[in-house]
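Student: Could we go through this structure together, setting each value against the definition behind the term?

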Amino acid sequence: QVQLVESGGGLVQAGGSLRLSCVVSGNIFSINGIQWYRQAPGKQREWVAIITAGGTTVYADPVRGRFTISGDNAKNAWNLQMNSLKPEDTAVYYCRSFPRGFWGQGTQVTVSS
């Protein structure tokens with residue numbers, strides 16, 4: 001019913017920036033917000049950030065102050081701006097809709113030291 005596609009991942013040096021995008025299609029009116037998650041090799045998938053329909057944003061401690069989540073409702077696109085990237089940010093990043101939890105396929109982010 002809802003499809004999400006992430007893009008924007010890649011390889012970046014420590015201290016650099018990337019901007020991820022999550023484009024939503026399907027029953028877009030069922031979406032009240034987007035969450036970003038990430039999963040590093042050998043680690044459990046962890047929550048990164050959330051943006052609500054009202055524009056409220058909340059961040060996980062490891063990314064607070066460096067990452068910014070935003071939305072463009074006209075384009076059904078939700079972005080994660082990642083600045084001051086660290087090697088420990090290396091992971092596959094996923095977006096997830098809510099209240100119904102549909103997942104995208106993920107996009108790889110690799111940060112070199």
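**Disulfide and buried arginine**

Tutor: The structure holds one disulfide. This is a predicted model, in which local features need pLDDT of at least 70 and side-chain atom pairs count only at pLDDT 80 or more, while totals for chains, interfaces and linings use all residues. Residues are numbered from 1 along each chain as its sequence is written, and side-chain values use heavy atoms, with hydrogens and water left out.

Student: Why is the pair C22 and C95 called a disulfide?

Tutor: The term requires a pair of cysteine sulfur atoms within 2.5 Å, and the sulfur atoms of C22 and C95 are 2.1 Å apart.

Student: Why does R66 count as buried?

Tutor: Buried means under 20% relative accessible area, with a 1.4 Å probe and protein chains only; R66 has 11% relative accessibility and therefore counts as buried.

Student: What makes the pairing of the R66 and D89 side chains a polar contact?

Tutor: A polar contact within protein is a pair of N or O atoms within 3.5 Å, one able to donate a hydrogen and the other to accept it, and residues adjacent in sequence count only if both atoms are side-chain atoms. The side chains of R66 and D89 make such a contact at 2.7 Å, and the R66 side chain also reaches the backbone oxygen of S84 at 3.0 Å.

Methods: Buried means under 20% relative accessible area, exposed over 50%, partly exposed in between (1.4 Å probe, protein chains only).
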